[in-house]
Each structure stands twice: as C-alpha cells, then as structure tokens.
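My entries follow in the order in which I made them.

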Amino acid sequence: MATWSAPGKVFLFGEHAVVYGKMGIAMAIRPRVFVTVRDTKRPSRAKSPYIDSCFEAMGVIGSVYINSQIPSSSGLGSSAAVTVATLAAINDEFNLNKTREDIAAMAFEIEKTVQKGRASPTDTTVSTYGGIVLITGGSRRRLPPQNMHLVVGDSLVSHSTSRMVEQVADLKKRHPEIVDPVLDAIQGVSMSAIHQLSNPRELGRYMNMNNSLLEVLGVGHPQLAKMILASRQAGAFGAKITGAGGGGSMVALCPKQLKHRVAKAIESCDGRAIVTAIDTEGVRKE
Ligand code: MEV
C-alpha cells in the first residue's frame with residue numbers, strides 16, 4: 001500500500017493568457033489531496049476518468065482511496081492534484097521507477113485528454129513540484145518561495161474550466177482587436193509582478209489590474225466580484241479571480257494581521273474562505 005499527497009494551486013497571475021503561450025505565475029497552496037493505492041487484482045476505484053487514465057497510463061491494475069481537502073470545481077486544481085498524487089502512488093506501489101518529470105508530463109497528458117480541450121501545464125507542474133512556478137510558453141521555472149498571506153474564497157458557484165477556456169477562445173475569434181491586446185496586457189502584468197514578489201503592497205496592485213483584465217475577457221461572476229470587493233474593503237493588498245473564473249474561486253493577498261478579517265468578509269458574501277499559504281514540497285510520500 002502506498003499513500004502520496006499533492007497540493008492545490010492558485011494562479012497569482014496570467015490564467016487564460018497562459019493558454020495562448022503568455023507568461024503566468026502560479027503557486028502551490030496548502031489544501032492537499034491524499035491518495036492511497038494498493039496492488040490488488042480486485043480493483044475498487046473511485047469513479048473518475050482521471051483515476052482510470054492514471055492506471056491505464058501506468059499499465060497496471062489496483063485499488064485506490066482518495067481523501068481530498070481541496071474542494072472540487074473550485075478552481076484550485078483538484079483534478080491535477082488527484083492525478084499527480086495517484087500517478088506517484090501507483091509508481092511507488094508497483095515500483096515503476098518514474099521520475100517526478102515523468103509524472104508531471106504524464107499528468108499533463110491525462111488532464112488534456114480528460115478535459116478534451118486546450119490546457120496549460122500549470123496545474124500539474126505546480127502540484128508536482130510545489131512552490132511558485134513561472135510558466136512561459138512550453139517552459140516552466142521555479143521562482144524563489146515567498147511567504148505570502150493568502151485567503152482563497154470559493155464562490156461555491158460551479159464552473160467548467162474547459163467551457164471558460166472555450167468562451168475566451170470564442171471571444172478572441174470574434175474580437176481579436178480587443179482580446180489580443182488584453183492577453184498581452186495580462187502578460188505585461190505578470191512580467192512586472194515577477195520583480196515584486198516580495199513586495200505585497202505592489203503585488204496586490206498588480207493582482208487588481210489582472211482582475212480587471214480578466215473581467216474584460218468575460219470570465220467574471222457577480223459572486224466573485226462581491227467577494228473581491230469585500231476583501232479589498234477589509235484591507236487586502238489586492239484580490240482577483242484565480243483559475244478559469246465564471247464561478248470557482250478568488251484569491252486575496254493580505255497583511256498578516258488582517259487575513260482573518262478578510263476571510264470573514266468573504267464569508268459574509270456567502271463564500272467559503274480558506275486562509276492559506278505557500279506549499280513548497282509538491283507531491284510527497286505520506
Ligand atoms: C485554469 O485553472 C486556468 C486556465 O488558464 C486554463 C489552463 O491554464 O489550463 C484558464
């Protein structure tokens with residue numbers, strides 16, 4: 001029996017733009033998914049296309065038990081975390097000698113196939129390696145970890161990442177003259193933000209700018225907007241949608257002493273708040 005866990009993620013900057021090869025910055029955060037795999041000829045599996053694809057890709061049969069602290073469909077990368085932790089647990093239980101790089105690459109292929117659409121490798125990379133990851137076109141680089149005080153607000157409005165990605169693609173096709181400069185501007189925000197990762201006040205301003213640009217792309221939602229405004233009013237340095245939008249979650253960067261006040265403000269808008277921080281480890285054996 002082997003148990004492995006993997007963290008969720010927030011996009012600090014650049015969601016949607018990364019789908020078009022632009023730069024983005026994402027960070028692994030604390031809620032984790034725990035997956036236990038057992039080598040048995042009588043498989044009992046969770047009903048998930050991600051799990052089925054993991055066993056198929058590894059070419060083995062076994063049983064799996066999942067314990068997730070990451071709410072699903074919340075934009076916090078739960079499907080990537082499940083996929084990465086399952087691949088790592090299968091690898092360990094069956095002694096398949098795959099490296100972390102193999103697992104990240106296989107997890108990305110599975111995400112792309114199951115989601116049947118365009119996807120960036122952000123979620124699977126962040127879940128595998130942890131920390132802060134800079135995504136640029138095909139390459140990824142880990143940035144020095146920073147101790148940020150974050151509050152995530154889950155709107156509890158369910159959304160579909162692939163549908164939101166499609167919606168942006170559609171808008172881009174109809175209005176390239178508007179959408180292309182907006183994607184460039186998002187990349188501009190990400191590029192500026194890289195140099196301010198240890199300056200929360202400035203970083204918060206960039207998050208607010210990124211959020212306005214996401215609104216132009218049409219991925220906002222009234223519930224997210226309410227929580228974002230409430231967080232800023234409660235003293236957050238900045239707040240934005242994180243992930244695909246249209247529901248899912250927002251993230252606020254806060255002064256340490258105000259994070260519980262920001263969490264309360266989010267909950268008073270009927271969202272579910274998670275006070276969180278960076279996870280530097282990525283996928284790990286339990
Ligand atoms: C979803 O978490 C973020 C998107 O940029 C899609 C992706 O990166 O795969 C919308």
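Working with a predicted model, I looked up how the strands are arranged and found an open sheet of 4 strands in the order β7-β8-β6-β9, with antiparallel pairing. I noted that the edges are held by β7 (238-242) and β9 (272-276), each of which pairs on one side only. On average, neighbouring strands of this sheet are turned by 20 degrees against each other, direction ignored.

I then followed β7 to strand β8 (residues 249-253), with which β7 pairs in the antiparallel sense over 5 bridges. For K240 I looked up the bridge partner in β8, and this is V251.

Entry three, the helices on the sheet. I found helix α7 (residues 200-216) packed on the sheet, where α7 touches β7 and β8 and its direction makes about 40 degrees with that of β7. Helix α8 (residues 222-233) packs on the sheet as well, touching β6 (150-154), β7 and β8, and the direction of α8 makes about 160 degrees with that of β7.

Entry four, the domains. I noted a division into domain 1 (2-145) and domain 2 (150-276), whose centres, taken over C-alpha atoms, are separated by 22 Å. Where the two meet, 27 residues of domain 1 are in contact with 32 residues of domain 2. On the side of domain 1 that touches domain 2, β1 (2-13) and β2 (24-38) each supply at least two residues, and the largest share, 5 residues, comes from β2. I also recorded the make-up of that side of domain 1, which divides into 14 nonpolar, 8 polar and 5 charged residues.

How values were computed
Residues numbered from 1 in each chain as written. Predicted model: local features only at pLDDT ≥ 70, side-chain atom pairs only at ≥ 80, totals over all residues. Pairing = 2+ DSSP bridges. Axes fitted to C-alpha atoms, helices over the stretch in contact; angles between N-to-C directions. Contact = placed C-beta atoms within 7 Å. Domains from an automatic or database assignment. Nonpolar A, V, L, I, M, F, W, Y, C, P; charged D, E, K, R; others polar.
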